[in-house]
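Subject: Structure handover

Hello,

Here is the structure I promised to pass on. Please open it alongside this note.

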Amino acid sequence: RQTAMARKKQSRPKWSVLGVARAPLKKKKAPNLPWMPDEHERFVAAFTLYPRKWTKIAEYVGTRTKTQVCSHATNYFKQLEREGKADLIPPKRKPGPQPKDRM
């Protein structure tokens, strides 16, 4: 008797074109390029409009992903702290309501 694992190995791959098995497509990683001055200016402008709303800031910048914008913000905040301008960093958003424990 075959186990479920053995049957799974024998089944056809999910990704096939004309009967030829193919590996799933991998999402391409965004290139890790330094931020250009105009991108940073758009970041600062968007941050004043949408504090800590990374998706909206990324859309405003237009050339960076949400993850890249969040990482840039972290590094930018560290730079402001080193320069003694920590008062320019807006406070973190308050967490939303927590779900009640069900017992």
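Below is what I found, from the overall layout down to single pairs.

Overall layout. Please keep in mind that this is a predicted model. The protein has four helices and two strands. Along the sequence they run α-β-β-α-α-α. Of its 103 residues, 18% are buried. The exposed surface comes to about 9500 Å², and carbon and sulfur atoms supply 57% of that. Take the contacts between residues at least 6 apart in sequence: 42% of them join residues at least 24 apart.

The core. The largest nonpolar core has 14 residues. Those touching the most other members are F43, F47, W54, I57, V69 and F77. Helix 4 gives the most, with five residues. Beyond its neighbours within four places in sequence, I57 contacts F43, A46, F47, Y50, R52 and V69. As background, nonpolar side chains in soluble globular proteins tend to be buried together.

Helix 2. This helix has 13 residues and spans 19 Å from first to last C-alpha, close to the expected 18 Å. Its buried residues are E39, F43, A46 and F47. They cover an arc of only 100° around the axis, so they sit on the same side of helix 2. Helix 3 and helix 4 are included in what covers them. The face turned away from that buried side carries the exposed residues P37, E41, T48 and L49.

Salt bridges. There are three in the structure.

- R42 with D38: the closest N and O atoms are 3.2 Å apart. The two residues are four apart in helix 2, so about one helical turn separates them. R42 is partly exposed, at 25% relative accessibility. D38 is also partly exposed, at 40%.
- R64 with E39: the closest N and O atoms are 3.0 Å apart. This pair links distant parts of the chain, 25 residues apart. R64 lies in the loop between helix 3 and helix 4, E39 in helix 2. R64 counts as buried at 11% relative accessibility. E39 is buried too, with a relative accessible area of 7%.
- E83 with K85: the closest N and O atoms are 3.7 Å apart. E83 is partly exposed at 41%. K85 is partly exposed at 38%.

Best wishes

Methods:
Residues numbered from 1 in each chain as written. Predicted model: local features only at pLDDT ≥ 70, side-chain atom pairs only at ≥ 80, totals over all residues. Heavy atoms only, no water. Buried < 20%, exposed > 50% of the residue type's maximum accessible area, 1.4 Å probe, protein only. Contact = heavy atoms within 4.5 Å. Areas by Shrake-Rupley, 256 points an atom, 1.4 Å probe, with all protein chains shown as cover. Core = buried A, V, L, I, M, F, W, Y, C linked by side-chain atoms within 4.5 Å. Expected span 1.5 Å × (residues − 1). Arc of directions from axis to C-beta. Salt bridge = Lys/Arg side-chain N within 4 Å of Asp/Glu carboxyl O.
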